[in-house]
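Subject: Handing over a structure, with notes

Dear colleague,

I am passing on the structure we spoke about, and below it you will find what came out of looking through it. Please keep it open beside you while you read, so that you can follow each residue by its number.

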Amino acid sequence: PVKAPLLGSGFHTGVGKESRAQTLQNGKRQIQQLGSQLQLNQHCLDTAFNFFKLVVSKHLTRGRRTEHVIAACLYLVCRTEGTPHMLLDLSDLLQVNVYILGKTFLLLARELCINAPAIDPCLYIPRFAHMLEFGDKNHEVSMTALRLVQRMKRDWMHTGRRPSGLCGAALLVAARMHKFRRSVKDVISVVKVCQTTLRKRLTEFEDTPTSQLTIDEFMRVDLEQECDPPSFTAGQQKVKMLQLEQELARKLDEVEGEISCYKEEIETELEKSRPKLRGIYAVYAKELDPEVEEVLSSTSDMEEREREGENADLQAATQHLTQDFLCQVIQEEGVQGKTTPEGVYSQEAAPEKEGTGVHSQVTPLSSILGKLPSTASLGLQETFKTFDKSEPSEEPTEKLSETGELDLEGIDDQEIDK
């Protein structure tokens with residue numbers, strides 16, 4: 001009888017070999033496609049395929065997409081062979097994040113023990129110059145940009161920096177030197193860097209002695225001196241700034257100490273010159289601030305002025321009322337006594353204590369009340385006149401009715417109320 005074939009270990013081994021062969025075949029096909037798009041020669045493609053076979057043999061493809069691994073192998077070849085290709089070009093072709101490709105590339109370079117050399121920025125100058133379209137002067141602009149990049153490398157500007165930023169700054173300066181107006185935005189769209197990065201490279205180049213040369217001197221003279229790296233210079237500037245801040249802080253402390261001493265002296269002098277209060281007010285004066293004292297003094301002055309004005313009005317009103325009352329009393333007594341022709345009223349004086357029996361005249365009203373305010377100063381119509389013997393008038397100043405009251409004809413009610 002025919003025995004059924006057994007599925008032993010050999011079968012599984014054969015299946016694994018066929019799967020690996022299929023993986024290598026698919027990888028070679030994808031490498032050919034990407035290499036043709038990047039315009040790489042056959043030698044570079046074969047080298048990339050050899051890298052891919054090493055990756056598969058070390059099982060580095062597990063958990064990673066094949067296209068990412070193939071792109072990393074191609075970029076590894078570009079770095080070792082020195083071709084003018086960037087990882088960003090592979091990212092554009094595969095539509096993959098450039099940082100994912102960069103992470104895979106670093107892993108493969110570490111696992112395969114391949115030391116990828118740093119890219120010379122000069123490799124990208126002809127490519128970027130062709131994309132900026134300088135026309136007939138494309139070669140001249142490229143050579144000037146290459147000279148600028150070489151000068152930047154001498155001044156340690158390329159260490160630790162992306163080459164595209166240096167190329168963009170060199171091409172922008174070279175275009176201006178050859179009278180081509182290329183904006184920062186145009187250069188950014190070609191070299192694919194941030195605007196801040198490009199301006200920073202230009203600022204670093206501005207700090208070098210080469211930037212102080214004219215165009216003719218730059219093309220003829222090659223300075224032998226080298227500048228310190230920009231990071232080192234920035235560190236030195238930070239140290240200097242810290243030292244300056246410390247010195248300024250120390251000087252400020254000294255000045256503040258002197259100012260505080262002057263303030264204390266001024267305050268003591270002011271305390272001595274101020275009038276001191278006595279009695280119960282001295283306790284409250286110590287608790288008050290100078291500003292509060294000024295406010296209180298100003299308010300107290302205002303209140304005193306208002307009170308003086310009110311007192312003056314009250315005194316004038318009381319004087320006027322007492323004058324009216326005394327005039328009325330004198331008139332009532334004068335009706336009973338004798339009336340002089342001049343209109344001045346008098347009465348018999350009481351006998352003195354000694355019994356002389358001499359009758360004296362009535363004391364004048366002005367001598368009793370003193371200087372009285374006039375009706376004009378009080379805003380009233382002049383209705384009354386002062387009775388005084390010393391100033392006789394031809395006609396009587398006031399006329400009395402038969403009943404002894406004043407004649408108020410021609411005076412309205414409002415004036416009487418006042």
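How much space lies in the largest pocket? Before the answer, please keep in mind that this is a predicted model. About 690 Å³ of space lies in that pocket, and among the 24 residues that line it, those closest to its centre are Tyr 75, Arg 79, Leu 87, Arg 162 and Pro 163. If you sort the lining by class, you will find 15 nonpolar, five polar and four charged residues.

Several helices take part in this lining, for helix H3 (66–81), H4, H5 and helix H8 (163–177) each supply at least two residues. The largest share, which amounts to five residues, comes from H5.

The axes of H3 and H5 come within 9 Å and cross at roughly 65 degrees. Angles of 65 to 115 degrees count as roughly perpendicular, and so H3 and H5 are described as roughly perpendicular to each other. H3 passes H5 in a right-handed crossing. On the side of H3 the contact is made by His 68, Val 69, Ala 71, Ala 72, Cys 73, Tyr 75, Leu 76 and Arg 79, while H5 brings Ile 100, Leu 101, Thr 104, Phe 105, Leu 108 and Ala 109. These residues divide into eleven nonpolar, two polar and one charged.

The crossing of H4 and H5 is right-handed. In this contact Leu 87, Leu 88, Leu 90 and Ser 91 of H4 meet Val 98, Leu 101 and Gly 102 of H5, and the classes here are five nonpolar, two polar and no charged residues.

Finally, H3 also packs against H2. The axes of helix H2 (residues 42–57) and H3 come within 9 Å and cross at roughly 130 degrees, which means that H2 and H3 are oblique to each other. Their crossing is right-handed. The contact includes His 43, Phe 51, Phe 52 and Val 55 of H2, together with Thr 66, Ile 70, Leu 74 and Glu 81 among the residues of H3, and it divides into twelve nonpolar, three polar and one charged.

With best wishes

Key
Residues numbered from 1 in each chain as written. Predicted model: local features only at pLDDT ≥ 70, side-chain atom pairs only at ≥ 80, totals over all residues. Heavy atoms only, no water. Left-handed = near helix turned anticlockwise from the far one by under 90°. Helix = DSSP H or I, 4+ residues; strand = E, 2+ residues; numbered from the N terminus. Contact = heavy atoms within 4.5 Å. Nonpolar A, V, L, I, M, F, W, Y, C, P; charged D, E, K, R; others polar. 1 Å grid on protein atoms, 1.4 Å probe; cavity = no way out; pocket = protein on both sides within 12 Å on 5 of 7 lines; lining within 4 Å. Points joined across faces, edges and corners; volume = space filled by probe spheres on them. Axes fitted to C-alpha atoms, helices over the stretch in contact; angles between N-to-C directions. Parallel < 35°, antiparallel > 145°, perpendicular 65-115°, else oblique.
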